[in-house]
Amino acid sequence: MEQREEQQPLSHIEGEMIQVISLEGKINTGQEPKLSPEDLKKLYETMVLTRVLDTKCMNMQRQGRIGFYVPCAGQEAAQIGSAFALTPEDWTAPTYRDQGVALIRGIGLRKIFAHLMGNSSDSMRGKQMPNHWGFKEINLMSVASPIAAHLPIATGVAMSMKLRKKNTVVLAYHGDGATSEGDFHCAYNFAGVYKAPIVFICENNGWAISVPVAKQTASATLSIKAEAYGFDGVRVDGNDVLAVYKATKLAVDRARNGGGPMMIECLTYRMGPHSTSDDPNRYRTKEEIEFWKKRDPIERFKNYLAQRGIWNEQYEKEVRTKVEDEVNKAIEEEEKVPPPDVSTMFRDVYAEEPNSLKEAEEEALSLSESSSPKN
Ligand SMILES: Cc1ncc(C[n+]2csc(CCOP(=O)(O)OP(=O)(O)O)c2C)c(N)n1
Ligand SMILES: [Mg+2]
């Protein structure tokens with residue numbers, strides 16, 4: 001069995017990486033970051049919340065209650081462990097798959113569901129694709145659909161923070177596939193040249209939809225790319241929440257103190273499909289999926305917490321009940337909210353609306369009135 005596992009096409013986790021908790025949940029003594037039992041519980045509970053939300057959303061899309069969804073199951077440690085290293089004043093620039101980032105930064109579940117349903121409470125007023133949110137209230141930049149397009153903007157935000165002498169940092173997320181984009185180079189290069197206070201979190205989940213990371217680059221690792229831009233890159237076990245937290249805290253502290261950028265390559269796995277429109281059985285083997293099931297970041301952290309005497313069955317039951325209730329309640333509330341008014345389609349584009357848009361609005365409104373059901 002061991003030998004079989006070694007033959008898996010898993011090049012993206014070969015080689016050295018920083019690990020704090022072993023696969024069995026054992027403590028790598030002396031390596032643990034300084035976190036209180038409350039902090040550890042917060043990390044665990046947010047990881048469970050993210051997984052419960054994820055499962056629910058996949059089901060809701062199949063039931064026709066939301067139109068589209070991008071799942072994040074398997075990547076909770078990489079997202080939550082990293083964003084936990086920030087202060088509330090810092091900024092994040094996430095991707096469409098980073099639900100864990102929004103949740104650990106404190107976004108309410110109702111905001112998430114309002115957006116996924118595109119109802120009139122949606123901060124994006126139903127204008128963005130699902131999973132493409134932006135939340136000013138938690139300093140979370142708007143998600144961009146074109147891969148890596150948000151990275152030069154995130155570097156620009158960090159450069160402006162430096163110019164304005166703010167003591168804040170940007171945490172910018174991207175996938176393995178994003179490293180093939182010109183915008184990746186542009187963002188990394190500017191960040192290196194200007195020593196911008198930015199930390200790049202590369203969630204290397206092995207796949208860019210159906211393209212494996214081995215076809216994405218000829219480099220031995222993704223983290224070595226940072227070297228070419230003049231800053232450090234490290235590889236971390238992305239399914240080990242404490243390793244991710246520890247590496248990110250170090251990088252964020254350094255960036256805050258003028259040390260410039262850093263890249264953290266988190267080796268992880270997307271357990272589900274790329275999106276609700278994808279069927280990964282067309283391009284991934286059952287063996288690979290099984291291999292990663294055994295590396296579930298939530299199970300590993302749970303085993304660790306049990307050894308620390310923080311986790312037990314009773315606690316698990318309490319957490320699950322609380323989280324499931326919160327998710328169900330948020331869905332119930334947001335399903336009552338009506339869709340956005342037709343006129344919102346025409347807002348937020350121009351400061352002064354051109355006549356052509358006004359005419360289009362009048363036409364759309366008259367059509368929507370004539371097509372609405374008569375009582
Ligand atoms: C510029 C651009 N090219 C192609 C796409 C289509 N596309 C959407 S997601 C994706 C894969 C991205 O992979 P990765 O960066 O590894 O992130 P992951 O989806 O694995 O989180 C692609 C190719 C896109 N959105 N933008
Ligand atoms: Mg990927």
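**Helix packing and the ligand shell**

In this predicted model, helices H2 and H3 cross in a right-handed sense. H2 covers residues 37-62 and H3 covers residues 76-83, and the two pack with their axes 10 Å apart, at an angle of about 135 degrees. On the H2 side, the contact is made by Leu-43, Thr-46, Met-47, Thr-50 and Arg-51, while H3 brings in Glu-76, Ala-77, Ile-80 and Gly-81. Sorted by class, the residues of this H2 and H3 contact come out as 4 nonpolar, 3 polar and 2 charged.

Next comes the pair H6 and H7. Here the axes of H6 (residues 150-163) and H7 (residues 182-193) come within 8 Å and cross at roughly 15 degrees. Since angles under 35 degrees count as roughly parallel, H6 is therefore roughly parallel to H7. The crossing of H6 and H7 is left-handed. H6 contributes Leu-151, Pro-152, Ala-154, Thr-155 and Ala-158 to the contact, and H7 answers with Asp-183, Phe-184, Cys-186, Ala-187, Phe-190 and Ala-191. By class, the contact of H6 with H7 holds 9 nonpolar residues, 1 polar and 1 charged.

Then there is the ligand. Ligand 1 is surrounded by 15 residues, and the closest of them are Ile-147, Gly-175, Gly-177, Ala-178 and Ala-208. The shell around ligand 1 splits into 6 nonpolar, 6 polar and 3 charged residues.

Definitions and conventions: Residues numbered from 1 in each chain as written. Chains lettered and ligands numbered in written order. Predicted model: local features only at pLDDT ≥ 70, side-chain atom pairs only at ≥ 80, totals over all residues. Axes fitted to C-alpha atoms, helices over the stretch in contact; angles between N-to-C directions. Helix = DSSP H or I, 4+ residues; strand = E, 2+ residues; numbered from the N terminus. Parallel < 35°, antiparallel > 145°, perpendicular 65-115°, else oblique. Left-handed = near helix turned anticlockwise from the far one by under 90°. Contact = placed C-beta atoms within 7 Å. Nonpolar A, V, L, I, M, F, W, Y, C, P; charged D, E, K, R; others polar. Near = placed C-beta within 6 Å.
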